[in-house]
Amino acid sequence: MSRIFSGIQPSGTLHIGNYLGAVKNWAALQHTHESFFCVVDYHAIIAAYEPADLRARTADMIVSLLAAGVDPSRCTLFVQSMVPEHTELAWIFNTITPLGELERQTQFKDKASREESVPAGLLNYPVLQAADILLYRADRVPVGEDQVQHLELSREISRKWNARFDAGVGAGDAFFPEPEPLLTPSRRIMGLDGKAKMSKSLGNTVGLLEPADEIWAKLRPAVTDPKRQRRTDPGTPEVCNIYHLHKAFSPPETVQHVAVQCSTAGWGCIDCKKVLHESMERELVPIRSRAREVAANGALVKEMIDAGADHARRVAQATMREVKDRMGLT
Ligand code: TYM
């Protein structure tokens, strides 16, 4: 069974971009792959934060993941800082990662351009990400499109380490695999402004656990096909963000119907959004109700995460023993 690893920052609750791009896929893949899923709090501390707030966001993210279908009886779910080997391997990888590669990362360039003082952690962020994955020697990583460049770097780090320290290098039997992304058709969900990727930092998200009326309040004014100015103008579904959300939430026959109604001006955009809202509710109602159950059961959740971290630590320690042995470290 191939092994997968993926991580998510503890940003509180999941938004539907996280869910459709990655977490829904985690819940599916845990049935067919040996799966490790991690709330990456060491990544999150690069931005300014309050300690009590981070703790609460981490706990809320765990509730969201469990509600979205991540099942600790089928996968290993844990918090990154509970397994110190993540940072230990990251240091080792820092010693073989070319600075130029880190400076070239799009996310680093974007974020660094907005900061007055750039912490070294922001530059080294993808090295920790490579350590997360390779600590478990995972060869597949279910993520959204924005993580693809980071994974290219993980593969390069893997190749570099293998070339330098893996005596048995040869196709197929290298110590570290070269992890490949697993993308979904919803690999890049746009925000409701239709301008940029849905992202917490841009404030254009729909939360997975948001109440129905709040979701509607966001959907109602959401941007559609900009050329469709009047109710009688026919639209072009492929350029409309709402149509893409239909593809993610509505059954295929509804998606087809929506495309016809839009391109013939049979429906106005509000009609189309109402149907989308109904499709979203069908998927989100059970998730919200699971979230309430999970949140009421804090002791059980803590037990699950402790057990997940114990298992992750055992796998991580076995990797680190081999890594240190091959590198001449004691
Ligand atoms: P993060 O926390 O930003 O996002 C978690 C996952 O959600 C996906 N995602 C999206 N997918 C589609 N459309 C969107 N608008 C959208 N927004 C977010 C992300 O691609 C991601 O899969 N660096 C990572 C966390 C991480 C990680 C790892 C991931 C740390 N170590 C190791 C994989 C493997 C991040 O910040 O994801």
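Me: Which helix gives the most to the lining of the second largest pocket?

Reply: This is a predicted model, in which local features need pLDDT of at least 70, side-chain atom pairs count only at pLDDT 80 or more, and totals for chains, interfaces and linings use all residues. Residues are numbered from 1 along each chain as its sequence is written, and side-chain values use heavy atoms, with hydrogens and water left out. A pocket is an open set of points on a 1 Å grid over the protein atoms alone, with protein on both sides within 12 Å along at least five of seven lines, and lining residues have an atom within 4 Å of a point. With eight lining residues, the largest contribution is that of helix 3.

Me: What is the volume of the second largest pocket, and which residues are the closest to its centre?

Reply: A volume is the space filled by probe spheres set on the grid points, joined across faces, edges and corners. For the second largest pocket that space is about 390 Å³. Of its 18 lining residues, the closest to the centre are Arg 55, Thr 58, Ala 59, Ile 62 and Val 79.

Me: Which helix supplies the largest share of the lining of the largest cavity?

Reply: Helices are DSSP runs of H or I with at least four residues, numbered from the N terminus. Cys 240, Cys 262, Cys 269 and Cys 272 are among the residues that line the largest cavity. Helix 10 (241-249), helix 11 (252-263) and helix 12 each give two or more residues to this lining. The largest share, three residues, is that of helix 12.

Me: Which residues have the most contacts inside the largest nonpolar core?

Reply: A nonpolar core is a set of buried Ala, Val, Leu, Ile, Met, Phe, Trp, Tyr and Cys residues joined through side-chain atoms within 4.5 Å, where buried means under 20% relative accessible area with a 1.4 Å probe, protein chains only. The largest has 52 residues, and those with the most contacts inside it are Leu 65 and Met 280.

Me: How far apart do the C-alpha centres of domain 1 and domain 2 lie?

Reply: The bounds come from an automatic or database domain assignment, which gives domain 1 (3-189 + 298-327) and domain 2 (210-292). The distance between their C-alpha centres is 33 Å.

Key:
On a 1 Å grid over the protein atoms alone, a cavity is a set of points where a 1.4 Å probe fits but cannot get out, and a pocket is an open set with protein on both sides within 12 Å along at least five of seven lines; lining residues have an atom within 4 Å of a point. Buried means under 20% relative accessible area, exposed over 50%, partly exposed in between (1.4 Å probe, protein chains only).
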